[in-house]
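Student: I have a structure here that I would like to go through with you. Could we talk about its pockets and its core?

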Amino acid sequence: MVAIPPYEAYLFDLDGTLIDTAPDLMHALNATLSHAGYEQVDLALTRHWVGHGAKVMLAQALDHQNAQALADAELEILFQFFLERYGERIADASVPYAGVVESLQALRARTWKLGVVTNKRQDLSMQLLRELDLYQYFNIVVGGDTLQVRKPEPQPVLYACNELEAAAEETLFVGDSTTDVAAARAAGCPVVCVRDGYNQGAPASSLGADHVIDSFCQLV
């Protein structure tokens, strides 16, 4: 098991990295699909679609159902329905992965420079972190709507580094997908991936990270 050296700052993806959010995303997704007259989907498919933002996940679920192409306005109405359902039960079944809380506590004792960079909407990200009592560990939360662009573009990562007053090359990005690796690489950050995240079916070892970790304890 590889040990990760200490860094000046740490940035984390949210869904599939810090928190297993798929059960609550599935609940909201299935409520939306049922509302629109489509069949529900299972947890494995939901996990496969997470990572590029909720609207993309919804579009992929509709495509999976062979749904007729929706106009942008129709998709937006369904997306707003999804967001309402998700916000109502955002932390019913979502839980931090094993070792996350203990590792964040240890990292926080080492450095104050911890942040989240996610494609989840910022208000929902902060709501989720607060409801699971994780918000206290982070100095910044960058959501998919914080800037004009989102991961895999580097700007959200660089923005977080700037807010933390940390050099990109001294900031470790911890994620679970090609989106995270691409964003970190473009920003100039070293990057590790967790093995059991939401990586659209690709093995973590194939994502191009510097290391793959089996446990958050490897960060401390």
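Student: Which residues line the second largest pocket?

Tutor: This is a predicted model, in which local features need pLDDT of at least 70 and side-chain atom pairs count only at pLDDT 80 or more, while totals for chains, interfaces and linings use all residues. Residues are numbered from 1 along each chain as its sequence is written, and side-chain values use heavy atoms, leaving out hydrogens and water. A pocket is an open set of points on a 1 Å grid over the protein atoms alone, where a 1.4 Å probe fits, with protein on both sides within 12 Å along at least five of seven lines; lining residues have an atom within 4 Å of a point. By that rule the lining consists of Gly16, Thr17, Tyr97, Ala98, Val194, Arg195, Asp196, Gly197, Ile213, Asp214, Ser215 and Phe216.

Student: What volume does the second largest pocket have?

Tutor: Its lining divides into five nonpolar, four polar and three charged residues, where Ala, Val, Leu, Ile, Met, Phe, Trp, Tyr, Cys and Pro count as nonpolar, Asp, Glu, Lys and Arg as charged, and the others, Gly among them, as polar. A volume is the space filled by probe spheres set on the grid points, which are joined across faces, edges and corners. For this pocket that comes to about 160 Å³.

Student: And which helix gives the largest share of the lining of the largest pocket?

Tutor: The largest pocket holds about 420 Å³ of space and is lined by 31 residues. The largest share, six residues, comes from helix 4.

Student: Is Thr21 buried or exposed?

Tutor: Thr21 sits in the loop between strand 2 (19-20) and helix 1 (22-35), a strand being a DSSP run of E with at least two residues. Leaving aside neighbours within four places in sequence, Thr21 is in contact (heavy atoms within 4.5 Å) with Asp15, Tyr86, Ser94, Leu128 and Tyr198. Its relative accessible area is 0%, and the cut-off is under 20% for buried and over 50% for exposed, with a 1.4 Å probe and protein chains only, so Thr21 is buried.

Student: How many residues are in the largest nonpolar core?

Tutor: A nonpolar core is a set of buried Ala, Val, Leu, Ile, Met, Phe, Trp, Tyr and Cys residues joined through side-chain atoms within 4.5 Å. Phe12, Leu18, Leu29, Phe82, Phe138 and Leu219 touch the most other members. The number of residues in this core is 50.

Key. Helices (H or I, at least four residues) and strands (E, at least two) are DSSP runs, numbered from the N terminus.
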